[in-house]
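Please open the structure in your viewer and keep the selection tool at hand. The tour moves from one selection to the next, with a short account of what is there at each stop.

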Amino acid sequence: MASNQDQPWLLENGNLKGLTKENRTGRTAHNMSSSSLRKKSDLTLVSKVRCSLLRQFLANLQEVTLGTKLSVLFPAIPLAILAQCFGFASPWVFALSLIGLMPLAERVSFLTEQISFYTGPTVGGLLNATCGNATELIIAIFALAQHKVAVVKYSLLGSILSNLLLVLGTSLFCGGIANIRKEQKYDRRQADVNSLMLLLALLCHLLPMLFTFAAGASASVTSDPSLHLSRASCIVMLIAYTAYIVFQLWTHRELFEAQEESDDDGVVSDEAPVIGFWSGIVWLIGMTAVIALLSEYVVGTIEEASDSWGLSVSFISIILLPIVGNAAEHAGAIIFAFKNKLDITLGVALGSATQIAVFVVPLCVIIAWIMGINMDLNFSVIETGSLAISILAVAFTLQDGTSHYLKGLVLLLCYIIIGACFFVTESPLHHSNIVNPGLKSSNTAVFGA
């Protein structure tokens with residue numbers, strides 16, 4: 001790649017900011033994972049454009065759209081928009097929107113890392129923590145706007161389960177097979193911190209459900225106290241997440257920094273920004289707007305897609321949405337597991353699960369509260385039980401600081417069993433607090449939202 005002096009589109013306000021050693025170090029596992037899917041762009045043709053503004057725009061456009069191995073999926077975005085505008089069947093709109101969200105999630109991570117070159121590692125870490133699960137949060141907000149509380153709960157629960165069981169299980173299994181003659185080790189301290197945060201989230205999910213059982217009364221008696229308990233628990237979780245961010249970015253930063261090692265595997269090494277600061281801000285806003293548009297399509301067509309495909313909304317929300325929406329991040333975690341870099345893999349899988357459980361879920365409850373929508377943490381027995389078993393299984397799996405393929409295989413099998421459970425379970429879309437959604441009994445009337 002040409003030097004920065006030969007690329008005037010990287011210069012904003014006449015100079016390059018943020019290219020200090022401090023800003024290049026301290027990359028998180030999420031940054032490293034996303035970088036594994038990036039590729040270098042050949043800017044030779046763009047550099048010949050005489051107009052500086054046009055040259056800068058074309059260079060940024062090429063870096064943003066072609067600087068990823070997932071660039072082949074970008075055509076799904078205009079196709080989804082056209083399908084929606086011309087009245088194509090809802091399942092087509094749903095599928096194309098899901099595919100279009102895959103590269104967008106990776107590009108948001110890329111843009112936040114580019115901006116961090118200019119803001120420094122701390123502000124960059126805060127930005128990455130905020131935007132790390134932007135897709136899930138935006139989908140949840142649109143679902144809340146349409147009063148589809150069950151979809152919000154299902155999709156967020158699915159994201160946690162997929163990170164803990166599917167991503168981590170696949171990574172440990174593939175890494176164990178690829179390094180079967182080597183002893184795989186990782187830093188237990190980061191895993192312990194994330195496991196502790198996940199157990200806190202589990203407690204906050206369990207108590208509203210157990211409170212409903214303990215009350216033994218009708219929904220009219222128990223719904224308000226359960227809702228108040230859920231909102232109080234969400235405030236506690238947000239306080240805990242704030243402390244977690246301080247712990248991660250300031251007091252114990254070294255536990256969460258990914259170790260960069262030189263490789264000859266073709267992975268792009270981001271030693272300098274490839275787009276300017278303000279360009280990165282504009283592109284980030286644009287990408288977020290496109291994610292919002294596709295998320296609206298996904299939420300609006302999920303019921304029709306469910307009916308057309310013969311799959312329950314719970315299965316689509318818990319299994320399909322998280323797998324497709326986070327495919328780029330998941331692929332990066334598995335790639336680093338193949339390279340025997342389990343600290344990066346654990347940082348991605350556990351970090352994402354922690355962020356969703358302790359930040360995105362309570363934030364959605366607070367947003368619903370502001371919107372006048374009653375969303376609580378009282379999931380059904382099946383959902384809460386699946387979450388509890390998953391967190392405990394992962395905590396036991398990671399307790400000794402070593403890994404092998406059998407651990408990954410067991411986590412994968414747990415995910416398959418949970419997926420099969422939701423495949424055969426018919427959950428009513430508008431009853432988010434049903435204790436036993438698989439049985440059509442009086443429980444539906446008692447515990448329905």
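Begin by selecting Ser-403, which lies in strand E2, the stretch of residues 402–403. The model you are looking at is predicted, and in it Ser-403 has a relative accessibility of 9%, which is under the 20% cut-off, so this serine counts as buried. If you leave aside residues up to four places away in sequence, Ser-403 touches Leu-172, Gln-184, Tyr-186 and Leu-342.

Display helix H8, residues 149–178, together with helix H15, residues 381–397, and you can follow two axes that come within 11 Å of each other and cross at roughly 30°. Because an angle under 35 degrees counts as roughly parallel, H8 is described as roughly parallel to H15. The crossing of these two helices, H8 and H15, is left-handed.

Next, move to His-147, in the loop between helix H7, residues 134–145, and H8. The phi of His-147 is near 60°, a positive value in a residue that is not glycine. Most residues other than glycine have a negative phi. With a relative accessibility of 53%, His-147 counts as exposed.

A second stop of this kind is Asn-340, which you will find in the loop between helix H13, residues 327–338, and helix H14, residues 342–370. Here phi is near 65°, and Asn-340, too, is a residue other than glycine with a positive value. At 24% relative accessibility, Asn-340 counts as partly exposed.

Finally, select helix H5, residues 90–119, and look along its 30 residues, which reach 42 Å from the first C-alpha to the last, close to the 44 Å expected at 1.5 Å a residue. How many of the 30 residues of H5 are buried? The number is 24, so H5 is largely enclosed by the rest of the structure.

Key:
Residues numbered from 1 in each chain as written. Predicted model: local features only at pLDDT ≥ 70, side-chain atom pairs only at ≥ 80, totals over all residues. Heavy atoms only, no water. Axes fitted to C-alpha atoms, helices over the stretch in contact; angles between N-to-C directions. Helix = DSSP H or I, 4+ residues; strand = E, 2+ residues; numbered from the N terminus. Parallel < 35°, antiparallel > 145°, perpendicular 65-115°, else oblique. Left-handed = near helix turned anticlockwise from the far one by under 90°. Buried < 20%, exposed > 50% of the residue type's maximum accessible area, 1.4 Å probe, protein only. Contact = heavy atoms within 4.5 Å. Expected span 1.5 Å × (residues − 1).
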